[in-house]
Amino acid sequence: MDEYNLFALISASLPPEVDPAMLKVACPPGWWTSRPEAAAAYALRKCKYLDWNAYLANNPDLRDLSVDPVTHFLKDGLYEGRKLYYCKENHKHHDTNSPVFSIILYCKNDELYIDKSFHSITHQHFDNIEIFIIDDASDDNSLKIIQKFCANDKRIRVLSFS
């Protein structure tokens, strides 16, 4: 099965609270195209918003089988139309008492990679972050891409040496 069909099937099984794009970002680069089954398993295991205990509990035929829920879902459950469940304990929250994480991203002519870097950073499971981008006089479109992200996300600050 190719990456698009597999990703579409998995996306249709996700609870509405889970953004399918998070699964794409969770995988190492290139896995969805070169190894879609491995990418799906890796992404589903990394997604903290999925409740695998609920998957087992809501599928009584699996309780006594001692199966790994991710493996079962990808091998059988996906094609049987079984749904995944949202994990309420790990939902995204914004706690003003929690620490702020500062992420510093250095950029110099990274136009090809900056978009993926932004998606990786901004789709973390923790909201309370600040992102500093240091653009070291890029002479490609890196700064324009960074400014586009800044306009859409108030957590991002730019220091440009151009």
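**Reading burial, helix packing and a pocket**

Colleague: How many of the residues count as buried in this protein?

Modeller: Of its 162 residues, 35% count as buried. Keep in mind that this is a predicted model. The C-alpha trace spans about 60 × 40 × 20 Å along its principal axes.

Colleague: Which elements make up the chain, and in what order do they run?

Modeller: The protein has 8 helices and 3 strands. From the N terminus on, they run α-α-α-α-α-α-β-α-β-α-β. As for contacts with a separation of 6 or more, 69% are between residues 24 or more positions apart.

Colleague: How should I read the crossing of helix 1 and helix 6?

Modeller: Angles of 65 to 115 degrees count as roughly perpendicular. Here the axes of helix 1 (residues 3-13) and helix 6 (residues 69-80) come within 10 Å and cross at roughly 75°, so the two helices are roughly perpendicular to each other.

Colleague: Which residues meet there?

Modeller: Helix 1 brings Leu6, Leu9, Ile10 and Ser13, and helix 6 brings Phe73, Leu74, Leu78 and Tyr79. By class, that contact has 7 nonpolar, 1 polar and no charged residues.

Colleague: What lines the largest pocket, and which residues are closest to its centre?

Modeller: The largest pocket holds about 280 Å³ of space. It is lined by 15 residues, of which Lys24, Val25, Cys27, Pro29 and Lys116 are the closest to the centre. By class, the lining has 6 nonpolar, 5 polar and 4 charged residues.

Colleague: Which helix gives the most to that lining?

Modeller: Helix 7, with 5 residues. Helix 2 (21-26), helix 3 (31-34) and helix 7 (114-122) each supply at least two.

Key:
Residues numbered from 1 in each chain as written. Predicted model: local features only at pLDDT ≥ 70, side-chain atom pairs only at ≥ 80, totals over all residues. Heavy atoms only, no water. Axes fitted to C-alpha atoms, helices over the stretch in contact; angles between N-to-C directions. Helix = DSSP H or I, 4+ residues; strand = E, 2+ residues; numbered from the N terminus. Parallel < 35°, antiparallel > 145°, perpendicular 65-115°, else oblique. Contact = heavy atoms within 4.5 Å. Nonpolar A, V, L, I, M, F, W, Y, C, P; charged D, E, K, R; others polar. 1 Å grid on protein atoms, 1.4 Å probe; cavity = no way out; pocket = protein on both sides within 12 Å on 5 of 7 lines; lining within 4 Å. Points joined across faces, edges and corners; volume = space filled by probe spheres on them. Buried < 20%, exposed > 50% of the residue type's maximum accessible area, 1.4 Å probe, protein only.
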